[in-house]
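The following exercises concern the structure shown below.

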Amino acid sequence: MTQDRSPNISRRNGVTIVALGSEYENIDESSLDELTKVILDVASTADPPRMVLDLAHTQFFGSSFIEVLFRAWNRLNAREGGRFALSGLTKYCREVIDTTHLDRLWRVYASVDEAVAALSADE
């Protein structure tokens with residue numbers, strides 16, 4: 001994966017934000033390996049262990065990506081004070097999360113700002 005396909009990682013109010021840009025409009029198998037490594041590394045090393053995954057530019061993902069999300073959530077959950085949230089889900093992606101009832105497991109917010117505010121307020 002080239003440098004320009006790397007997710008943007010930033011921190012705000014004690015929350016690590018992994019933002020997938022427009023190059024991740026469709027998350028397919030070819031982009032998943034490196035993306036998996038980045039997401040799982042952040043889930044393992046974020047300090048404090050609070051992470052928002054911003055999918056505002058993502059129009060499609062499949063079951064392999066859901067597995068990555070689940071693994072990230074597990075890593076964060078295993079750490080004291082661990083929190084995980086999704087933000088900016090497009091209509092299709094939101095339907096996938098709702099249909100699979102993962103919205104009951106993971107927090108879902110309309111924007112990164114809302115997600116950061118909620119996760120930074122958690123103690």
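**Exercise 1. Determine which residues of helix α3 are exposed and which are buried, and describe how the helix is placed.**

Step 1. Helices (H or I, at least four residues) and strands (E, at least two) are DSSP runs numbered from the N terminus.

Step 2. This is a predicted model, in which local features need pLDDT of at least 70 and side-chain atom pairs count only at pLDDT 80 or more, while totals for chains, interfaces and linings use all residues. Residues are numbered from 1 along each chain as its sequence is written, and side-chain values use heavy atoms, with hydrogens and water left out.

Step 3. The buried residues of α3 include C93, V96 and I97. Seen down the axis of α3, its buried residues fall within an arc of 95 degrees, so they line one face of the helix; the arc is that of the directions from the helix axis to the C-beta atoms.

Step 4. These buried residues pack against β5, α2, β6 and β7, where contact means heavy atoms within 4.5 Å. Just after α3, H101 has a positive phi of about 65 degrees.

**Exercise 2. State the order of the strands in the sheet and how they pair.**

Step 1. The sheet is open and consists of five strands in the order β1-β2-β4-β6-β7, with mixed pairing. Two strands pair if DSSP finds at least two bridges between them.

Step 2. At the edges stand β1 (8-12) and β7 (107-109); each has a single partner strand, so one side of each is left without a neighbour in the sheet. Neighbouring strands are turned by 25 degrees against each other on average, direction ignored. Axes are lines fitted to C-alpha atoms, for helices over the stretch in contact, and angles run from 0 to 180 degrees between N-to-C directions.

Step 3. Strand β1 runs antiparallel to β2 (residues 15-19), and five bridges join the two. N8 has A19 of β2 as its bridge partner.

Step 4. Helix α2 (residues 63-77) packs on this sheet, where it touches β4 (50-54) and β6 (83-87); the direction of α2 makes about 145 degrees with that of β6.

Step 5. Four bridges pair β2 with β4 in the parallel sense, and V18 stands opposite L53 in β4. The pairing of β4 with β6 is also parallel, over five bridges, with R50 opposite R83 in β6.

**Exercise 3. Count the aromatic pairs and describe two of them.**

Step 1. Rings of Phe, Tyr and Trp (its six-membered ring) pair if their centres lie within 6.5 Å; planes under 30 degrees apart count as stacked, over 60 as edge-to-face and the rest as tilted. By this rule there are four aromatic pairs.

Step 2. One of them is the stacked pair of F60 and Y92, with 5.7 Å centre to centre and 25 degrees between the planes. The pair links distant parts of the chain, as F60 in strand β5 (residues 60-61) and Y92 in helix α3 (residues 91-99) are 32 residues apart. F60 is partly exposed at 36% relative accessible area, and Y92 is partly exposed at 38%.

Step 3. Another is the tilted pair of F70 and W73, with 5.4 Å centre to centre and 40 degrees between the planes. F70 and W73 are three residues apart in helix α2, and therefore separated by about one helical turn. F70 is partly exposed at 37% relative accessibility, whereas W73 is buried at 15%.

Terms used: Buried < 20%, exposed > 50% of the residue type's maximum accessible area, 1.4 Å probe, protein only.
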